[in-house]
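Biologist: I am new to this structure, and I would like to learn how its features are read. Could we go through them together, one by one?

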Amino acid sequence: MNQNFTMNASLIAKSFQEKFNSTPTLQVKAPGRINLIGEHTDYNDGFVLPAAIDKAIYFSLRPREDDQIRLYAVDLNDEINLNLQNRKKSKKAWANFLIGVINELLERGAQITHGFDLAFGGDVPLGAGMSSSAAIESGMGFALNQMFQLGLSRLQLAKIAQLAEHNFAGVKCGIMDMYASLFGKSEHLIKLDCRYLSHEYLPFSFDEVSVVLFNTGVKHNLADSAYNKRREECERGVEILKQRNPDILSLRDATSDDVNAAKSEMTEDVYKRCFFVTSETRRMMEATDALNNQNLIRFGELMYETHDGLSQDYEVSCTELDFLVNLVRDKTGVFGARMMGGGFGGCTINLIDKSKAREIICDVTKAYKDQFGFEAEHFEVCITDGCTVVSG
């Protein structure tokens with residue numbers, strides 16, 4: 001979303017009123033997310049450790065009496081009109097996140113009986129790895145669930161949002177991003193089991209730690225990138241491993257030893273992808289133990305290990321991401337850092353001693369500008385609750 005100003009519920013409501021000449025009857029907030037560790041493990045049935053953050057997409061809605069649907073992207077100053085019967089993909093990429101959710105709900109028999117007007121916008125940066133698309137999809141489903149009293153659970157809404165991403169946006173993502181946006185809890189991380197879609201909350205309220213994101217400014221479009229290819233390579237690896245051990249149904253069930261034993265049967269790329277995911281599964285468990293023991297130093301070491309694996313084995317990093325991580329790797333006051341999100345651009349996530357945060361942010365932004373010609377935008381984020389009704 002446009003970062004020249006911060007969107008909030010009141011601004012979106014005002015924009016709704018100006019656009020549609022009426023007041024919204026429902027306002028909803030859908031947060032973006034961070035992920036502390038457990039990257040590219042969600043679509044491999046593994047574990048992840050995300051959280052909802054105080055960067056969000058805001059929605060204002062009002063029901064109509066006919067079957068028309070009017071969607072307005074406030075920060076893009078763009079709109080699209082459709083109806084309940086005509087839900088085809090749009091040439092406007094932003095609209096497909098919304099239309100996809102409407103379509104998935106109706107395909108599953110949701111009683112959306114009439115049209116509506118909707119305005120939305122927010123301060124989740126596009127392409128920065130904070131899951132702006134998942135916030136849009138999750139918030140859309142959450143809002144329609146409220147407006148039409150569909151009675152769907154948050155888990156059902158997460159699945160619907162994921163399918164919208166698959167079928168309309170074209171990215172075969174896992175469910176982590178949507179799950180985090182819907183299930184977030186203030187001052188807690190979500191330890192999500194992506195196979196069984198169950199979770200537990202782990203406290204994360206370190207008074208001495210700032211969670212800081214540095215944005216490379218490199219935009220990624222995962223649908224046009226190697227993201228889907230990575231998933232296919234993992235699936236190919238599972239096929240090979242399963243021939244050796246029928247109990248291996250996904251990379252969650254395999255170890256790095258299993259992958260090493262089958263290395264000669266894999267292409268180099270398939271081997272590297274599988275080795276990363278199985279190593280990340282181990283790191284995820286070690287990180288959980290470190291967190292439970294309040295051991296931020298070990299947690300941070302594991303973050304660096306994850307970044308190195310994402311860069312060298314999964315090959316989803318880029319020069320700018322590697323630069324930012326290496327820049328802080330030996331800095332006093334930085335517990336850990338890594339690239340975050342699908343890859344190929346976006347942000348790094350850093351755990352920084354609050355007393356050192358200002359100094360480190362200044363050093364990093366200056367060094368990045370010296371290297372690449374512009375400052376790395378930064379965000380200090382707080383961990384918040386998931387999708388909520390603001391009013392209505």
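**Reading a predicted model**

Modeller: Let us begin with a charge and a ring: lysine 19 lies over the face of tyrosine 72, at 5.0 Å from the ring centre. Please keep in mind that this is a predicted model.

Biologist: Which ring does the charged end of lysine 191 sit over?

Modeller: The charged end of lysine 191 sits over the ring of phenylalanine 47, at 5.6 Å from the centre of that ring. Phenylalanine 47 also stands opposite aspartate 193 in E7, which brings us to the sheet.

Biologist: How is the sheet with E7 read, and in what order do its strands come?

Modeller: In general, strands of a sheet pair through backbone hydrogen bonds, either parallel or antiparallel. Here three strands form an open sheet in the order E2-E7-E8, with antiparallel pairing. Strand E2 (47–48) and strand E8 (198–203) each have a single partner strand and stand at the edges, so one side of each is left without a neighbour in the sheet. Helix H5 (residues 176–183) lies across E2, E7 and E8, and runs at about 135° to E7.

Biologist: How many aromatic pairs does the structure hold?

Modeller: The structure holds 12 aromatic pairs. In one of them, tyrosine 368 and phenylalanine 372 have ring centres 4.6 Å apart and planes at 45°, so the pair is tilted.

Note on methods
Residues numbered from 1 in each chain as written. Predicted model: local features only at pLDDT ≥ 70, side-chain atom pairs only at ≥ 80, totals over all residues. Heavy atoms only, no water. Pairing = 2+ DSSP bridges. Helix = DSSP H or I, 4+ residues; strand = E, 2+ residues; numbered from the N terminus. Contact = heavy atoms within 4.5 Å. Axes fitted to C-alpha atoms, helices over the stretch in contact; angles between N-to-C directions. Phe/Tyr/Trp six-rings, centres within 6.5 Å; stacked < 30°, edge-to-face > 60°. Lys NZ or Arg CZ within 6 Å of the ring centre and 35° of its normal.
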